[in-house]
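Below is a walk through one chain, taken contact by contact and then as a whole. Please look at the model first and keep it in view while reading.

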Amino acid sequence: MATAVKRRKYSKYDTIPFPMYDGSAARQLEQEEVLRPRPLVRPRERAVVRPKVRVREAGIVSPFAVVGFLAVLVFAVLLLFSYVQLAVISDQVVSLRSDLTGLKTEEAKLRAQYELAYDLESIEQNLTDSGAMVKPQNGQIIYVDLSEPDSVTYFQQEEATGVEGAVESMHSIFTEIVEYFS
């Protein structure tokens, strides 16, 4: 069931408040107000005139400015020389490294020749043939057993016990401390 909704009529908006308004947004111009094209008139161009400015006379150059510019010039020259020296030193490093690699290969060759020249077996053969050296016999070989822990034994030394031992050990500790700090 649908109820009809009555629309209220607003009396306020029913009448046009202005008698000239016909409902259009465009304005109606009257006959006298019709726009007529106007001739184009260029605005006058004004000649550009430079303003008269008073120019200050050239003054004396500040000695601090001269000294500053000379200092900057000296530092720039020193920087340039340091870059030149750096380039020369880096070239020297490169040449020295190449010399080093050549010398290392030459060292390896010379070591190999040295080891071949002094072959221990040939030296032993020459000395045993001449009789200047003799090979050790079984009776001349002594084996030392190092499997036991290290120990030290003092021979011909009396060990003091009791009060005498304590006094003697205190005396030795005191003398060692004095020797350490003196």
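R111 and E107 both sit in helix α1, four residues apart, which is about one turn of the helix. Their side chains meet in a salt bridge, with a distance of 3.2 Å from N to O. R111 counts as exposed, because its relative accessibility of 52% is over the 50% mark. E107 has a relative accessible area of 38% and is partly exposed. The structure shown is a predicted model, so where pLDDT is low, the predicted coordinates should not be read in detail. Helix α1, residues 63-117, has the highest confidence in the chain, at a mean of 95.

How many salt bridges does the count come to? The count is two. Besides the pair in helix α1, E124 forms a salt bridge with K135, and the closest N and O atoms of these residues are 3.7 Å apart. E124 belongs to helix α2, whereas K135 lies in the loop between α2 and α3, so this pair ties together parts that are 11 residues apart in sequence. E124 is partly exposed, at 32% relative accessibility. K135, at 52%, counts as exposed.

Helix α2, which covers residues 120-130, is where confidence is lowest, at a mean of 86. For the chain as a whole, the average pLDDT is 81, and 79% of the residues score at least 70.

Another feature of the surface is a nonpolar patch of about 550 Å². V61, V66, L70, L73, V77 and F81 make this patch. F81 lies in helix α1, the helix that also holds R111 and E107. With a relative accessible area of 52%, F81 is exposed.

Which aromatic rings pair up, and at what angle? A search of the whole structure finds one aromatic pair. Its members are Y180 and F181, whose ring centres are 5.0 Å apart; their planes stand at 80°, which is over 60 degrees, so the pair counts as edge-to-face. Is Y180 buried or exposed? Y180 counts as exposed, at 67% relative accessibility. F181 is exposed as well, with a relative accessible area of 67%.

Helix α3 runs through residues 163-181. This helix has 19 residues and reaches 27 Å from its first C-alpha to its last, close to the 27 Å expected at 1.5 Å a residue. How many of the 19 residues of α3 are buried? The count is one, and α3 is hardly covered.

Taken as a whole, the chain has three helices and zero strands. Read along the sequence, these elements follow the pattern α-α-α. The chain has 182 residues, and buried residues make up 1% of them. Its accessible surface comes to about 20500 Å². Carbon and sulfur atoms account for 60% of that surface.

Notes:
Residues numbered from 1 in each chain as written. Heavy atoms only, no water. pLDDT = per-residue confidence, 0-100. Helix = DSSP H or I, 4+ residues; strand = E, 2+ residues; numbered from the N terminus. Phe/Tyr/Trp six-rings, centres within 6.5 Å; stacked < 30°, edge-to-face > 60°. Buried < 20%, exposed > 50% of the residue type's maximum accessible area, 1.4 Å probe, protein only. Patch = residues over 30% accessible without salt bridge, like charges linked within 9 Å, V, L, I, M, F, W, Y side chains within 5 Å. Areas by Shrake-Rupley, 256 points an atom, 1.4 Å probe, with all protein chains shown as cover. Salt bridge = Lys/Arg side-chain N within 4 Å of Asp/Glu carboxyl O. Expected span 1.5 Å × (residues − 1).
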